[in-house]
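The entries follow the order in which I looked things up.

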Amino acid sequence: MSVRSETPGVPEIPAPLAGQPPGETTPPAWPLRALRALAQGLGYAAGLLALMSLTFLALRINPITALMALWEGAFGNASSGHLYPLSETLVKTSPLLLTGLGIVVAWRAGLFSIGAEGQLLMGALSAAALARFASSLPGPLLTLLMILAAMAAGALWGAIAGWLRVRRNVQEVISTIMLNYIALALVGWMVRGPLQERARISPQSEPVPDAALFARIIPPAWSGGIPTRLHSGVLLAFLAAIVVYLYLYYTAAGFGLRVVGQNPEAARAARFPVPKLRMQAMAISGALCGLAGGVELLGIAIRLYDNFSPGWGYTAIPVALLGGLHPLGTVLSALFFGALTAGSGNLERFSGVPSVVINIIQAAAVLAVVGVRAWRARRAGSAED
Amino acid sequence: MSVVEGTLTGTLTMATPLLLGALGENIVERAGVVNVGLEGMMLLGAFAATMGARQSGNPYLGVAVAAGIGVLTALLFAAFAIKLTANQVVIGVVMNLLALGVTGTAYRALFGTTGSFVETAALPRLLWDQTLLTPLALLAVPAVWWGLFRTRLGLELRACGEQPVAAEAAGVNVARLRTAALAFGGAMAGIAGAFLSVGETNTFKEDMTAGRGFIALAIVTAGRWNPYGCLAAALIFGFADALQIRWQALGWNLPYQLFLALPYIVTLAILALGGRASQAPAALGQPYRRA
């Protein structure tokens with residue numbers, strides 16, 4: 001991500017400047033930057049399309065029919081309508097976006113948290129627990145408290161890993177994964193024990209009271225009588241992206257977080273409170289992922305159950321990486337992944353390709369993007385010699 | 001077999017894949033590379049062993065195929081992380097996703113829906129109900145130790161992990177040695193995965209590694225990058241794992257999920273209590289670019 005200096009003691013060159021020839025130290029004005037970003041984005045989109053086609057070809061599938069099936073599954077077509085597929089795409093995007101934002105915050109601080117999954121589960125768990133034991137509260141109040149509880153639980157789960165890193169030098173890669181499995185076991189126990197439905201048949205919780213659930217945005221009449229699942233929580237996800245963007249790039253705390261991630265030694269030398277900023281990053285990251293769990297519970301799942309998450313927390317990592325670890329890029333990336341997921345069902349129906357193939361596409365896409373970035377950084381590095 | 005005996009042999013069984021993975025990762029990290037993709041390599045190894053054993057009817061061949069797949073995956077990792085000097089953690093995480101996708105797709109394509117039982121030839125059990133891989137893993141401990149600390153190659157490898165610039169100046173090809181270390185780590189990871197499918201359970205399940213690759217990573221840290229330390233840590237985790245399987249026989253009135261979580265809690269506890277990891281190889285995780 002940034003060019004490593006060959007001379008020890010000299011700080012690393014920050015990434016945006018690494019690709020420029022010596023002598024040009026001021027970045028160009030924002031219209032040029034925006035244009036460059038757009039061109040890069042288009043380049044990535046074209047590359048992604050090529051990559052997907054290649055993957056299908058390698059699996060001996062006609063790439064055109066496959067891509068068409070994916071497109072129609074994600075965005076619909078003229079005959080069967082657009083609203084239902086679009087709403088499904090957005091529904092699938094929302095948890096990926098929130099967890100992706102969580103990853104962005106942590107990784108930008110230099111902490112390679114893999115804990116989005118566990119933090120999401122803890123968020124859903126605490127929200128479900130609150131719903132069970134405070135179900136008599138008025139609807140909107142319960143919703144608000146559940147959201148706050150979800151964020152708090154996620155932040156706590158993230159803070160554990162943060163504390164272990166700051167005070168015990170335990171690599172967050174390992175500690176967050178351990179916490180993931182612990183959270184999974186915790187949920188498994190709760191839905192079979194204290195939180196289980198009163199009928200005690202399946203490993204799931206009581207449903208969240210109707211009054212607290214997120215409203216469905218699109219009236220069924222608009223989508224030809226088929227009820228869509230687009231819920232108001234999805235808007236929260238997009239709102240969060242803007243908030244994270246403003247936090248990271250327009251606040252002092254966000255700046256400190258990024259400095260710690262880019263060059264902890266320089267941060268320490270400049271008197272940034274590195275341990276505190278790292279704890280904050282893990283807590284915020286956890287809060288975002290916990291929010292994802294709460295939003296899913298209130299918008300779609302309605303109950304807490306075993307296998308609550310189909311791996312959103314892990315998919316969040318390629319989402320964030322593909323988005324360039326930038327909140328707004330993550331929005332686009334999450335939409336891409338959401339569309340892929342929503343379209344994959346259609347893909348399976350029309351071409352018999354198992355929907356898990358999109359995992360390969362996702363991984364290959366990230367590998368390609370990361371590889372290209374690394375190659376360019378390496379080229380820039382050797383160009384300076 | 002009494003519960004105590006069962007737990008002890010169970011400890012050895014559960015510790016074997018962890019130990020194999022950890023020994024490989026020990027070499028890799030001593031060379032200065034962090035391979036977070038260990039989990040993915042184990043998963044691919046498990047799948048490759050299942051396929052190899054099914055096709056050939058010989059489980060040992062399955063293990064060999066798994067080792068080969070592990071090496072190939074490690075070389076892919078090396079292409080990105082060493083040749084292109086991309087961030088090693090990022091590449092490792094992506095490897096895991098790729099492994100999940102590839103094994104999941106191949107499994108569904110070949111065997112239908114998830115959860116169906118895939119019969120495969122199993123490794124024969126020898127003394128104490130252990131397969132051949134367990135004594136092999138135990139023998140590998142002093143072998144790896146001797147290789148790391150008593151040979152010239154081991155010294156060069158450790159130099160790559162501590163001071164790659166100095167090693168390069170002394171004539172060591174850091175990139176090539178790191179790649180070789182990764183290949184070894186990949187082979188060990190593949191064999192560890194093979195143990196899970198062909199040695200222990202006689203089948204393949206999606207995501208059957210269940211975080212064991214990450215536990216192996218933790219074992220290397222907890223064992224302070226020393227093979228004997230890895231052995232001790234692996235046995236502790238194996239014990240926690242074995243306890244989890246036998247909880248019913250133990251008759252304790254505790255929820256099953258507590259025992260499911262036990263290996264992971266133990267991992268965290270050991271890492272947290274272990275204190276500062278000051279003995280880590282100095283250049284661990286830093287991409288090295290030849291000047």
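**Entry 1**

I began at B:T85, which sits in the loop between helix 3 (59–83) and helix 4 of chain B. I noted that the model is predicted. The phi of B:T85 is positive, about 45°, although the residue is not a glycine. Is B:T85 buried or exposed? I counted 21 other C-beta atoms within 10 Å, and the cut-off for a buried residue is 20 or more, so B:T85 is buried.

I then went to B:W225, in the loop between helix 9 and helix 10 (227–245) of chain B. B:W225 is not a glycine either, and its phi is positive at about 60°. B:W225 has 22 C-beta neighbours inside 10 Å and therefore counts as buried.

I also looked up a glycine, B:G32, which takes a positive phi of about 100° just after helix 1 of chain B.

**Entry 1: helix 1 of chain B**

Helix 1 of chain B runs over residues 3–30 and has 28 residues. From first C-alpha to last I get 39 Å, close to the 40 Å expected at 1.5 Å a residue. Where does helix 1 of chain B have a kink? I find the kink at B:A15, about 35°, shortly before the proline B:P17.

On burial, 21 of the 28 residues of helix 1 are buried, and I put the helix down as mostly covered.

**Entry 2: helix 1 against helix 6 in chain B**

I recorded this pair by two values, since two packed helices are described by the angle between their axes and the distance between the axes. Helix 1 and helix 6 (residues 152–162) of chain B pack at about 65°, and their axes are 7 Å apart. Helix 1 contributes B:I27, B:E29 and B:R30 to the contact, and helix 6 contributes B:L157, B:R158 and B:G161. By class I list 2 nonpolar, 1 polar and 3 charged residues for this contact.

**Entry 3: chain B as a whole**

Chain B has 12 helices and 0 strands, and its pattern along the sequence is α-α-α-α-α-α-α-α-α-α-α-α. The C-alpha atoms fill a box of roughly 60 × 45 × 30 Å along the principal axes. I checked the radius of gyration of chain B: it is 19 Å, which agrees with the value near 19 Å for a compact globule of 291 residues.

Of the 291 residues of chain B, 56% count as buried. Among contacts in chain B between residues at least 6 apart in sequence, I find that 80% join residues at least 24 apart.

**Entry 4: where chain B meets chain A**

How many residues of chain B are in contact with chain A? I count 40 residues of chain B in contact with 40 residues of chain A. On the chain B side, the elements giving two or more residues are helix 4 (88–111), helix 9 (212–222) and helix 12 (256–273). Helix 4 gives the most, with 14 residues. By class, this side of chain B has 28 nonpolar, 9 polar and 3 charged residues.

**Entry 5: chain A as a whole**

I repeated the overall look-up for the partner. Chain A has 14 helices and 0 strands, in the order α-α-α-α-α-α-α-α-α-α-α-α-α-α. Its radius of gyration is 22 Å, close to the 21 Å that the globule rule gives for 385 residues, so chain A is as compact as a globular protein of that length. The C-alpha trace of chain A spans about 70 × 50 × 35 Å along its principal axes.

Of the 385 residues of chain A, 52% count as buried. For contacts in chain A with a separation of 6 or more, 75% come from residues 24 or more positions apart.

**Entry 6: a proline inside a helix of chain A**

Conventions
Residues numbered from 1 in each chain as written. Chains lettered and ligands numbered in written order. Predicted model: local features only at pLDDT ≥ 70, side-chain atom pairs only at ≥ 80, totals over all residues. Helix = DSSP H or I, 4+ residues; strand = E, 2+ residues; numbered from the N terminus. Rg over C-alpha atoms; globule rule 2.2 N^0.38 Å. Buried ≥ 20, exposed ≤ 12 C-beta atoms within 10 Å, placed from the backbone. Contact = placed C-beta atoms within 7 Å. Expected span 1.5 Å × (residues − 1). Bend = angle between axes of the 7 residues up to and from the residue. Axes fitted to C-alpha atoms, helices over the stretch in contact; angles between N-to-C directions. Nonpolar A, V, L, I, M, F, W, Y, C, P; charged D, E, K, R; others polar.
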